[in-house]
Amino acid sequence: MPVDHAPETDDLPPPKAFQDLLVVTVALSLAMLANAMLLLTVPLKALALEISPSMIGLVVSAPYILPLILAIPVGGYIGRIGARTVIIGGAVGMATGPVFSLLFPTLAGLLVTQLIAGMSNMLLIIAAQALISGLAMGKTLEQYFGWYTMGMSGGQLLGPLLAGYLIDQHSINHAFVAIALVPVLSALIALLLSPHAGRGTPAPKSAAGYGAQWQLFRTNRGLQLSMAMASVSLFIMSVHSGFMPVYLEGLSISAATVGVLISLRALTSMLVRLVMSPMIGWLGGRTRSIQIGVLCVTLSLMLTGLAGDRVVWLALLAVGIGIAGGLSQPLSMVILSESVSKAQRGPSLALRLMGNRLAQAIAPLMVGLIADLWGFPVAFAASSGALLLLFGLWAKRAGLGRELRAERSDD
């Protein structure tokens, strides 16, 4: 059977909807540029402090800890006050976090930076997704989320390149200063959002709490599928971003080259999202795209540890992760948006984000511990293999491809 979907959309004319889409995409792209710079700068700063791989895993997972606890109530809060104020506040938070690493160049300073960045990132993402999910439905919504996530990939593409250049040519502190300045532009651009973006769609208390979302998750196959697909790809991308600087530094590969490899993954994701709707058709529909994407992203990380210092192979595998990740994130948002009612979108998007942050928190801790014991090649292979097995077991139990299909019945 197809996943459950909610047909209603917000009453906003297409030109105004596209205006809000454009503004929120630019604002979030700048914020994600700063966040992507942290992905390279923080692990290298941790290396400079001579921190072990397992402790680096703790630092890398730190941004995802608070969202595990607070995502659902924050989603309900955003539903009440609207996206505009939250996006501005999240951008200001992104600008504040790096200041602690500049003032306190210690492990504690890095942890505070990461915690603030994680909370700010959560606010930005839930607010932006809640806003966009109400702008359209069906193929148009696929395109909107594709363009939005394409812009995010643009920020993720430029972030590691800029951070790598600043670190190689200047210093890690110069990179932290740039990370603090970029989100200020994001906050200023968010001021251009329409009054519609400042209006909330409050969810009833019966739909916005932890218990209600857990019940919805247990019964709504579309929500389950969205979370499973997103969590798999983000687990892999978190490992790839968080440990590639550490792994490749041990193979005497420069920070600039590592930045290029991470940016190549982001570039691939961005290009895939340009042709998201046609590509889903080429692959045989949403259900087949999900199955192919999960297989591609897990196998790519599994083989990364076997590539050694062969940069060309590392680049090809980064492309594989980029293709699968680039398709899975917007598609999972579309499936969720079509599976729940308008009032439930904020809390349900928050639940999806909570699942994502759980995967991103577990990933560096697990891989860091395994790498301490047996090295990064084993850590990459073991974690991605376990993830593929778990997804396969869930897909078989849920009937993905048979009883459960991701296509809309009215497409």
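Colleague: Is the crossing of α10 and α13 left-handed or right-handed?
Modeller: The model is predicted, with local features needing pLDDT of at least 70 and side-chain atom pairs pLDDT 80 or more, while totals for chains, interfaces and linings use all residues. Residues are numbered from 1 along each chain as its sequence is written, and side-chain values use heavy atoms, without hydrogens or water. Helices are DSSP runs (H or I, at least four residues) numbered from the N terminus. A crossing is left-handed if the near helix is turned anticlockwise from the far one by less than a right angle, and right-handed if clockwise; that of α10 and α13 is left-handed.

Colleague: How are α10 and α13 oriented to each other?
Modeller: Helix α10 (residues 221–249) and helix α13 (residues 286–304) have axes 10 Å apart, at about 20 degrees. Axes are lines fitted to C-alpha atoms over the stretch in contact, with angles from 0 to 180 degrees between N-to-C directions. Angles under 35 degrees count as roughly parallel, so α10 and α13 are roughly parallel.

Colleague: How many charged residues are in the contact of α13 with α14?
Modeller: Helix α14 (residues 311–339) packs on α13 at about 145 degrees, with axes 8 Å apart. Contact means heavy atoms within 4.5 Å, and the residues that meet include Arg 286 in α13 and Glu 338 in α14. Asp, Glu, Lys and Arg count as charged; Ala, Val, Leu, Ile, Met, Phe, Trp, Tyr, Cys and Pro as nonpolar; the others as polar. Besides 13 nonpolar and 5 polar residues, the charged ones number 2.

Key:
Helices (H or I, at least four residues) and strands (E, at least two) are DSSP runs, numbered from the N terminus. Angles under 35 degrees count as roughly parallel, over 145 as roughly antiparallel, 65 to 115 as roughly perpendicular and the rest as oblique.
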